[in-house]
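I opened my notebook to look through this structure piece by piece. Here is what I wrote down, in the order I looked.

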Amino acid sequence: MRDHWWWRPGWSVGRRFYTWHLTFEGQHDAHRLAAEYRAALAPLGPALTLIPDRWLHLTMQGIGFVHEVPEKDVRAILEAARARLAAVPAFDLQLGPEVIDPEAVLLPAHPSEPVQSVRDAIRSAIGDILGDVPENADGFRPHVSVAYSAADGPIAPMSKALAALDARPAHARITTAELIVIHRDNHMYEWEPYATAALG
């Protein structure tokens with residue numbers, strides 16, 4: 001495992017970033033599953049950052065750092081995204097079983113196709129306004145992280161902790177995409193909501 005919390009290019013304490021996520025407020029089954037993982041992984045202590053229900057998310061598509069993207073453009077992207085997402089039906093997701101990544105414990109989202117459709121619509125909306133769309137269109141693997149590695153070290157303790165966990169995958173109903181302003185000042189992805197776009 002390796003420490004997830006190294007500073008990516010452009011990031012530092014105090015910086016804020018416009019991005020689109022799927023979030024899981026009120027998604028009780030997703031919260032149930034995340035709690036089971038937190039309980040199983042808690043004995044590993046500070047080697048892991050366990051994600052509370054409030055900050056569970058499925059990363060979708062960034063726009064750019066606050067103060068680098070004019071807010072008028074952000075608002076225009078929002079309106080373009082709302083128009084495009086109105087044509088994308090709401091859908092159900094299954095989260096899990098887990099995959100251990102070198103920096104996180106991930107719950108893959110299945111099926112991936114409707115999530116990809118949401119991301120494609122958002123990327124098209126960004127392209128409508130900015131021309132260039134940040135981040136790569138390829139290699140997107142929709143997932144929800146339940147824990148991040150907070151130190152470099154062997155994978156064996158995490159594998160052992162999860163081997164005894166017989167967790168039933170969770171169900172979530174996705175009806176909106178959220179435009180948020182995110183930061184990572186506290187070794188956690190935390191955000192303020194900016195706006196919501198409803199799926200059709």
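**Aromatic rings**

I started with the aromatic side chains of this predicted model and found Trp5, Tyr148 and Tyr189 linked into a cluster by ring pairs. How many aromatic pairs does a search of the whole structure find? I got eight.

I then picked out Trp11 and Phe65, an aromatic pair with an edge-to-face arrangement, 5.1 Å centre to centre and 70° between the planes. Trp11 sits in the segment before β1 and Phe65 in strand β3, so I noted a link between distant parts of the chain, 54 residues apart.

Phe17 belongs to strand β1 and Phe65 to strand β3, so the pair ties together parts 48 residues apart in sequence. I checked Phe17 too, and at 13% relative accessibility it counts as buried.

**The sheet**

Next I followed the strands. In what order do the four strands of the open sheet run? I read β3-β1-β9-β10, with antiparallel pairing. β3 and β10 are at the edges with a single partner strand each, so one side of each has no neighbour in the sheet. The twist averages 30° from one strand to the next.

I looked at the pairings in turn. β1 and β3 are antiparallel over seven bridges, and Trp20 has Gln61 in β3 as its bridge partner. β9 and β10 are antiparallel over eight bridges; here His183 is bridged to Glu190 in β10. These two strands make a hairpin with six residues between them, and in its turn I marked His187, which has a positive phi of about 55°.

**A histidine in β1**

I stopped at His21, which is found in strand β1. His21 is buried, with a relative accessible area of 4%. What does His21 touch, not counting residues up to four places away in sequence? My list reads His57, Leu58, Thr59, Met60, Ala177, Glu178, Ile180 and Ile182.

**Helices on the sheet**

I turned to α2, residues 71-85. This helix of 15 residues reaches 20 Å from its first C-alpha to its last, close to the 21 Å expected at 1.5 Å a residue. I found α2 lying across β1, β3, β9 and β10, at about 45° to β10. α3 also packs on the sheet: it touches β1, β3 and β9, and its direction makes about 10° with that of β3.

Which residues of α2 are buried? I wrote down Asp73, Val74, Ile77, Leu78, Ala80, Ala81 and Leu85. Their cover includes β1, β3, α3, β9 and β10.

**The core**

Last, I looked up the largest nonpolar core, which has 66 residues. The members that touch the most others are Trp20, Phe24, Leu58, Leu85 and Val118.

Note on methods
Residues are numbered from 1 along each chain as its sequence is written. This is a predicted model: local features need pLDDT of at least 70, side-chain atom pairs count only at pLDDT 80 or more; totals for chains, interfaces and linings use all residues. Side-chain values use heavy atoms; hydrogens and water are left out. The expected span of a helix is 1.5 Å times one less than its number of residues. Buried means under 20% relative accessible area, exposed over 50%, partly exposed in between (1.4 Å probe, protein chains only). Contact means heavy atoms within 4.5 Å. Two strands pair if DSSP finds at least two bridges between them. Axes are lines fitted to C-alpha atoms, for helices over the stretch in contact, and angles run from 0 to 180 degrees between N-to-C directions. A nonpolar core is a set of buried Ala, Val, Leu, Ile, Met, Phe, Trp, Tyr and Cys residues joined through side-chain atoms within 4.5 Å. Rings of Phe, Tyr and Trp (its six-membered ring) pair if their centres lie within 6.5 Å; planes under 30 degrees apart count as stacked, over 60 as edge-to-face and the rest as tilted.
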